[in-house]
Amino acid sequence: MIDFAAARERMVQAQLEGRGIRRARVLEAMRRVPREAFVGEDMAEFAYEDSPLPIGEGQTISQPYIVALMIEAAGLSAGDCVLEVGAGSGYAAAVMSRIAARVHAIERHPGLGERARARLAELGYDNVVLRIGDGSRGWPEAAPFDAILVAAGAPAVPQALRGQLAVGGCMVVPVGERGAVQQLRRITRVGEDEYEDEDLGAVRFVPLIGEQGFAEDGTRAASDHVPAPSRQYSLPERIAAAAEPLPAPDDPGFALPFDRYADRRVVLLGEASHGTHEFYAARAAITRRLVERHGFTLVAVEADWPDAAAVNRYVRHLPAPARPERMFQRFPTWMWRNTEIDALARWMRAHNAGRPSARQVGFYGLDMYNMNGSIESVLRYLDAIDPEAAAVARERYGCLTPWQKDPATYGRASLRAGYARCEEAVVRQCRELLERRLEYARADGEAFLDAAQNARLVASAERYYRVMYYGGAESWNLRDSHMFETLENLLDAHGPDAKAVVWAHNSHIGDARHTDMGAVRGEHNIGQLCRQRFGRDAALIGFGTHAGTVAAAHDWGEAMQVMDVRPSLRDSVERLCHDSGLPRFLLDLDPARDPALHRRLQEGRLQRFIGVIYRPDTERWSHYAEACLPRQFDAYVWFDTTRALTPLGPEHAREDAPDTWPFGL
């Protein structure tokens with residue numbers, strides 16, 4: 001006995017969601033309508049296969065994906081009046097009836113039409129009206145229609161159907177020669193005599209037979225209609241039409257459009273480089289908005305935990321340690337030690353003043369490079385709260401002592417001295433610290449989170465530096481897994497209502513499955529892991545630029561320079577955005593907002609990634625990779641021209657800075 005409900009759900013997940021169908025109403029309608037009832041009994045077992053099926057009269061029921069694709073492209077909404085040409089079995093009409101208010105369906109084969117009409121009535125789809133006739137002529141007395149879907153290939157877009165579209169409505173129709181591959185077109189009526197024409201990709205349908213289609217013998221039917229004027233919009237033009245222009249980041253209105261993500265648990269904000277002022281300023285503005293207006297209390301960044309902890313103590317008015325150290329002293333110092341972070345930290349401190357601890361916003365590091373700092377933080381905490389445990393920890397961490405100042409050396413040494421030389425000790429230390437959580441929390445719950453995370457970091461960092469010399473994806477995956485687990489720990493520690501803003505590079509934020517990272521190199525990242533864990537409750541927002549300047553170094557450990565960013569390459573995502581002509585914008589990549597644009601962006605394109613290293617002379621090979629923008633991100637923020645961020649220097653020192661301030665100069 002076939003479990004059709006389970007088969008239907010698998011079809012929705014694998015064939016529809018897996019191929020990019022995202023509109024909730026379409027997916028729900030496809031879940032509700034039993035496709036097995038619209039095919040013959042001998043075909044029922046194949047009802048949810050990824051293929052068309054015969055229904056008699058030489059006709060077929062389209063594969064589920066094509067039905068969903070056309071309905072999503074038409075943008076159906078509740079209250080719409082819809083025309084379907086080529087009703088066939090009635091399946092697509094039934095699906096549309098679960099979304100729209102009224103569906104008018106036409107089928108030219110009397111036998112098919114009568115069976116479809118009876119089936120729809122039997123199944124209770126009482127908002128569908130079906131008649132037998134020439135669908136190429138439409139249904140004039142029921143017009144205008146908010147949407148028209150044509151399930152047969154026409155030699156040209158039928159003029160009669162154009163005229164029956166409501167202004168603002170759209171028609172989805174395959175166009176091409178009989179027996180050949182057709183192009184699925186989306187025709188939108190934007191004025192009384194003006195239409196937009198978009199290509200949605202290649203398809204293959206049975207021919208549209210009728211007055212404004214093909215004759216029975218396969219020739220084009222005679223017609224005296226003259227096509228109304230239309231034009232094919234370029235992809236940059238489509239981007240410009242869909243994009244929401246933004247003011248400068250320092251404008252009070254800059255962050256308002258990002259309120260649409262206020263209901264998410266995690267909002268991840270990317271950057272195309274680690275040294276661009278506009279990316280930092282924009283993320284700061286969005287963060288302030290989410291904190292002030294929408295209750296976000298965690299700011300988690302691609303920075304070392306111990307260094308970020310110093311900022312956290314400052315912004316939350318917590319006491320400084322007995323032996324404070326200057327933070328963010330390791331390369332690349334400018335990445336977090338800059339005027340933009342200085343301004344954000346001061347704002348966070350002012351925002352937190354007088355607020356209870358649970359309502360304060362904190363600043364936390366997700367990364368794992370500073371193994372030395374983490375060891376010292378764990379030991380300092382245990383010295384204060386459990387000296388006996390501190391002595392044991394010192395003995396265990398002593399295994400790592402020779403490499404604390406240069407952890408990468410440990411990776412080389414471990415290859416010769418034994419693969420897991422210190423792993424057991426540091427993992428045991430982390431486990432024991434976590435097992436005693438309740439006991440420690442009674443003594444000092446606020447400090448426990450910091451110490452426990454540092455213990456986790458040491459264990460993760462030990463593995464990271466050990467595997468990095470093996471090459472491949474393992475070290476990258478370990479690092480991003482650690483960052484994601486740190487984020488989860490922060491959310492868990494702050495309770496079920498906690499919401500986080502994450503700052504990291506696009507390479508960490510964008511879903512790796514839809515880039516060269518995942519597709520070619522087998523790497524995952526925090527963006528992918530957040531989508532898999534939180535689903536729609538995670539918003540992944542990328543950032544990009546065409547040209548300007550950037551703060552970067554030519555090689556690891558070298559001095560920072562302000563470098564010119566070369567104009568983006570011709571075949572890149574960045575060039576498409578530049579050619580839109582807009583200086584700044586937010587592009588919402590939700591497929592329901594502009595299904596045609598979403599599909600036209602599906603093709604993998606080059607995308608630029610600049611980290612702390614920038615090598616303009618080899619830019620194509622050093623800084624570009626292929627990615628699918630609408631699957632990689634939920635939204636994309638564009639700055640056509642950008643400038644380098646400003647590192648903190650002696651001229652930025654303030655005499656009135658409190659002792660807890662981490663950027664003392």
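Q: Axes are lines fitted to C-alpha atoms, for helices over the stretch in contact, and angles run from 0 to 180 degrees between N-to-C directions. At what angle do the axes of helix α9 and helix α10 cross?

A: Two packed helices are described by the angle between their axes and the distance between the axes. This model is predicted, with local features requiring pLDDT of at least 70 and side-chain atom pairs pLDDT 80 or more, while totals for chains, interfaces and linings use all residues. Residues are numbered from 1 along each chain as its sequence is written, and side-chain values use heavy atoms, without hydrogens or water. Here α9 (residues 305-315) and α10 (residues 339-352) cross at roughly 40 degrees, their axes coming within 8 Å. Therefore α9 is oblique to α10 (under 35 degrees is roughly parallel, over 145 roughly antiparallel, 65 to 115 roughly perpendicular, the rest oblique). Helices (H or I, at least four residues) and strands (E, at least two) are DSSP runs numbered from the N terminus.

Q: Which residues in α9 meet α10?

A: Contact means heavy atoms within 4.5 Å. V311, Y314 and V315 of α9 meet A345, R346, M348, R349 and N352 of α10. By class, this contact has 5 nonpolar, 1 polar and 2 charged residues (Ala, Val, Leu, Ile, Met, Phe, Trp, Tyr, Cys and Pro are nonpolar, Asp, Glu, Lys and Arg charged, the others, Gly among them, polar).

Q: How many residues line the largest pocket?

A: On a 1 Å grid over the protein atoms alone, a pocket is an open set of points where a 1.4 Å probe fits, with protein on both sides within 12 Å along at least five of seven lines; lining residues have an atom within 4 Å of a point. The largest pocket has 38 lining residues, with W476, R479, W556, G611 and V612 nearest its centre. The lining comprises 17 nonpolar, 10 polar and 11 charged residues.
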